[in-house]
Each structure stands twice: as structure tokens, then as C-alpha cells.
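Q: I have a structure open and have not looked at it before. Can you walk me through it?

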Amino acid sequence: MATTTRPSDAVSTEAWAAAHGRLIESLQSLIRIPSINPPEPPGAELEAARWLGQALVEAGIPAEVHELVPGRGSVTARLRGDGTGGAPLLLMSHLDVVPAPPEGWTHDPFGAEIADGWLYGRGAVDMKDLLAMQLEVMRLLAGEARAAGRDPASDPVPGLRRDVLFASVADEEAGGLNGAALLALERPDTLRAAAAINEAGGVAVDIGARRLYPIQVAEKGITVFRLTFRGIWGHGSMPRSENANVLAAEAVTKLSAAWPARLTDVTKAMLDRTIAALDGSDDLPPEALRLLRAAASGDARASAAALAGVCLPVYTRVLDAMLRDTLSPNILHGGVKFNIVPGMASLEVDVRRLPGTTEEDMEARIRERLGPELSGVTDIEALISSEPLVHPYEDPDGLFPILEAAIRDHDPAGIPVPAMAPFGTDAKHLLDLGVPTYGFSPLRQPPGETYIERWHGIDERVSVEGLRWGLPVLYDAVRRFCA
Ligand SMILES: [Zn+2]
């Protein structure tokens, strides 16, 4: 493979060491602000936004803190290019985190302690790590403007033809209505861009002797349905089959069985490119490669088996969710008193839809599974819904090939591939602004680390060396797209 010039090579070793030091300090400061969502106590998101605003201003970059809802803060900033390269690149993040009850943690979830090379705390991988990396890239670029005798507040950064936007928003963990959605509505100028780099992709997954880097180009859609079961009220001393709890239990059992698999274009591309990279090498046992081929031809059982053979078990669950529409029965309510047969029960199900599956399709399939009798006493309403997203990954002039190249340049054994997240992010709120959004949070951690299980989990942590590797990768992607 021809070696390309990496923009990061123009930055001195000492400057990278200093940047890494600042990155770790920023990440620690951010984790120590408990910007929990739902906000308890309120105001910490705003504090995090103000902290970021201050950090940007100290680097010479004008920043705006937006309090679009009282107590909920978001922050935006802009570095200038010379304007000849088209629309900006957006560095997108959220500054809220999910709650972290300390039970089970070996370190204070908001202490940001470093132990054995790991930085612990809520937000370490979701997603204050990428937020701190994006902040550091902004600082580096501003520093390069100053070194060239320019004012980063108003002058173009040397070598940038596009502007670089920075937006870190509140409320992603609760759907983003008080954050990205509101900002897109009220201040679209802070978000409108040719492309965005956001959370949840670009993290190394060991595959045989190689490393897979799934870059998020798509997201499944979500619909939360509430099913209400109409039973018959009665005296608890005389049980009856029309007990609404019995109906709900029957529904849970019927709906929990696996849904049929369907290979989407993105997942096929992910598998095909993985196979192409490994074919003819000794990096993966032949049996695993054979299973991957079967998976790429649409055999869902082979996919799970293939991944189980080459990856940590958690990734089989991820791949399984990429291969099918899913339904998880997550909230169940029924009954009012121990001696009353309930005539009413309700069940909320979390449905994640592949691109091409509509809300109506899923409601029809749910009714089909319930069967005519149970369906006849069940009301179904959609409470929350958002559509699946697929962003372009084949456009040679788009952001995706630049992300791929940045990975390969820093890990020659890496295999960057397009991937679909089974969950949603703030990317959906950028859709109306026409911003294709890529999950790219470059990170290479020690083998065996179950990154995906740290999300919202106990002992959330990130590798300090992993961040040292990732920062120049992100920097190169930003510089190249804006060059
Ligand atoms: Zn997140």
C-alpha cells in the first residue's frame, strides 16, 4: 500500500504529547461535571456547556452557549477556512450522560480516576471521549492559525478550505428534543454542514489477527408501541382466562421470539468488505471465513456462528441486531389489587426497524404474531417513532473514504468498514438540514476490552493510550476533508 502524507506528521512529537495531555485533562474535567440526563440536579448540562465554551474561548475560538431550555446547555463554535472548499465539516457531540448509580463500580463514576492505563467514569466512551478529542482538534487548528500570525477568531486556519463547526448538545440520551432538535430548529446556521462526525463508530474490534473498524453510516429506526389488553374484570377468588395480565404474558412470549433476518445493503457491504480484506490471508481461520461468506449471502444463523468464532460474544448480539428488525418487551403494567382480576394491562415494546421496514409493517407483524383472538382484544398505539437512516458511503468525494484512509494510515492492519448502529443518535436531528452524519470516534484499545458493554454500563472506561492513537486519526480526517 502506498504511504500517503498524513497531515498529522506535520505536527511535532512534542506538540502531540502536549495535545494528548490536554485531551486527558479535558476528559477528566468533563467527566467530573455530572451532566446526567434526566438532569438531577438540573444545571449540570449547562455547566458542561459553559466549561466547553470557556475552553474554546481560551484557545481563541469564539463560542456560543445556548440555553434553549432553562438549565439545558449546548455550545457551538466555528473555525474558518478560506471559503473555497464548500460547506463546513461539523464536529458533533452530546455532553449529557446516563445516570451512574455507584453500585458495582470499582471507581467513582464522576471521579475520572486513572488506573492501569484506563480512565474511568460515566461518559468515558459515551461520549465525552470523542467530545474531548474534537475539542482538542479545534485547539490544535486554532494554535496553527496563531502560529501563522493569524487570529483564529476571524481569520482562516492555514490549509483549511472549509469551515469547521463544533456543536456539543444537551439531551441526546433522552432523544435530543431539548438539544440537537431544538438547535436545528432555532439555530440551523450552527449545524448546517457538508457532513458531520458524531459518536459510535471507528473503534477497533479484534477479528482474528486483524482489527475491524466499523464506521457508522446508518442507524436503525425506532418505534415504541404501547399494547393495551382488554380483559374482563372480576373477583380474584374465581380466576378467568380473560385476565388482562394473562393476555399480556401470552403477548410477551409470542413477541419475544426472534424476528426474521434480512440482509440490508449496509450490512452486506460490511461483510463483503471484511471478507475481501481477509481473503487469501492467514489472519482468520478458514472456517470463520467460510461462515462470514455464508453470512454475506444472507444466512443469518451463519452470521452469529461466524462472529462467535472470531470475536467476543457481545458482538454476536450486535451483529444479530444488524440483521433483523427487533422487538424488546420492556415495560409491563397490570393489576390494581391482589383480589381483583385485572381487566386492563399494558405492554410497551421497543421496536428497532431496519431501513425498509415501516412502522405499519411492524404493527401488522405484531398483530400477525398475536393471532386473531389475542389481536382482537389488543389496542396498539405508537408512542415514539423515528425513521432508519442511511448516509452515503460510496461517494468518492464524500467523507467516508477519508475516514477509511485515516484509519488505514494509522493502523495498516485495520479494516475500516461501513456499519449500521442498532441504536439511534442525534444524527436524526441533522437529517432535515441535509447533513450526512458518520459515527467516527477513532479508538484502538487493548484486545479483550468489551467497548460496547461499557456503554451505559458499570466501570465505563477508556484507554489512555487508545486516545493517544485516536487523536491524530481524527485530526487527519478533519484536515483532509477540509483541505
Ligand atoms: Zn452517546
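**Strands, cores and loops**

A: Start with strand β10 (residues 221-230), which runs antiparallel to β15 and is joined to it by eight bridges. Within that pairing, Leu227 stands opposite Ile380 in β15. Keep in mind that this is a predicted model.

Q: What is the order of the strands in the open sheet of four?

A: The order is β12-β14-β10-β15, with antiparallel pairing. At the edges are β12 (326-334) and β15 (378-386), each of which pairs on one side only. On average, neighbouring strands of this sheet are turned by 20° against each other, with direction ignored.

Q: Which strands does helix α5 lie across?

A: Helix α5 (residues 244-256) lies across β10, β12 and β14 (344-353). Its angle to β14 is about 15°.

Q: And the open sheet of three strands, what is its order?

A: That one has the order β4-β5-β19, and its pairing is antiparallel. The edge positions belong to β4 (114-115) and β19 (461-463); each has a single partner strand, so one side of each is left without a neighbour in the sheet. Strand β5 (residues 118-120) is joined to β19 by three bridges. Leu119 stands opposite Val462 in β19.

Q: Switching topic. What domains does the domain assignment give?

A: The assignment gives domain 1 (7-200 + 425-482) and domain 2 (222-386). Taken over C-alpha atoms, the centres of domain 1 and domain 2 are separated by 33 Å.

Q: How many residues of domain 1 are in contact with domain 2?

A: Four residues of domain 1 are in contact with four residues of domain 2. On the domain 1 side, the touching residues divide into one nonpolar, one polar and two charged.

Q: How many residues are in the largest nonpolar core?

A: The largest nonpolar core has 121 residues. Those that touch the most other members are Leu90, Met138, Val164, Leu403, Tyr438 and Ala477. Helix α3 (residues 128-147) gives the most to this core, with 11 residues.

Q: Why does this core lie between domain 1 and domain 2?

A: Both domain 1 (7-200 + 425-482) and domain 2 (222-386) give residues to this core, so it lies between them. There is also a second, separate core of 17 residues, which includes Ile222, Leu247, Ala251 and Ile366.

Q: Back to Met138. What is it in contact with, leaving aside neighbours within four places in sequence?

A: Met138 is in contact with Leu56, Ala59, Ile61, Ala77, Leu79 and Phe166. As a general point, nonpolar side chains tend to be buried together in soluble globular proteins.

Q: Which residues of helix α11 are buried?

A: In α11 (residues 400-410), the buried ones are Phe400, Ile402, Leu403, Glu404, Ala406, Ile407 and Asp409. The buried residues of α11 pack against β9 (210-219), β17 (414-421), β18 and α13 (464-482).

Q: Where is Gly439, and is it buried or exposed?

A: Gly439 is in strand β18 (residues 437-439). It counts as buried because it has 28 C-beta neighbours inside 10 Å.

Q: What does Gly439 touch, not counting residues up to four places away in sequence?

A: Gly439 touches Asn198, Glu199, Ala200, Gly201, Gly202, Ile215, Gln216, Ala421 and Thr425. The C-alpha atoms of Gly439 and Pro214 are separated by 8.8 Å, while the two residues are 225 residues apart along the chain.

Q: Now the backbone. Where are the cis peptide bonds?

A: One joins Asn37 and Pro38, with omega about 10°. Pro38 is in the loop between α1 (13-31) and α2 (44-58). The peptide bond from Asp126 to Met127 is also cis, with omega near -10°. Met127 lies in the loop between β5 and α3.

Q: Are Ala112 and Asp171 buried or exposed?

A: Ala112 is buried, with 23 other C-beta atoms within 10 Å. Asp171 is buried too, with 27 other C-beta atoms within 10 Å.

Key. Residues numbered from 1 in each chain as written. Predicted model: local features only at pLDDT ≥ 70, side-chain atom pairs only at ≥ 80, totals over all residues. Pairing = 2+ DSSP bridges. Helix = DSSP H or I, 4+ residues; strand = E, 2+ residues; numbered from the N terminus. Core = buried A, V, L, I, M, F, W, Y, C linked by C-beta atoms within 7 Å. Buried ≥ 20, exposed ≤ 12 C-beta atoms within 10 Å, placed from the backbone. Domains from an automatic or database assignment. Contact = placed C-beta atoms within 7 Å. Nonpolar A, V, L, I, M, F, W, Y, C, P; charged D, E, K, R; others polar. Axes fitted to C-alpha atoms, helices over the stretch in contact; angles between N-to-C directions.
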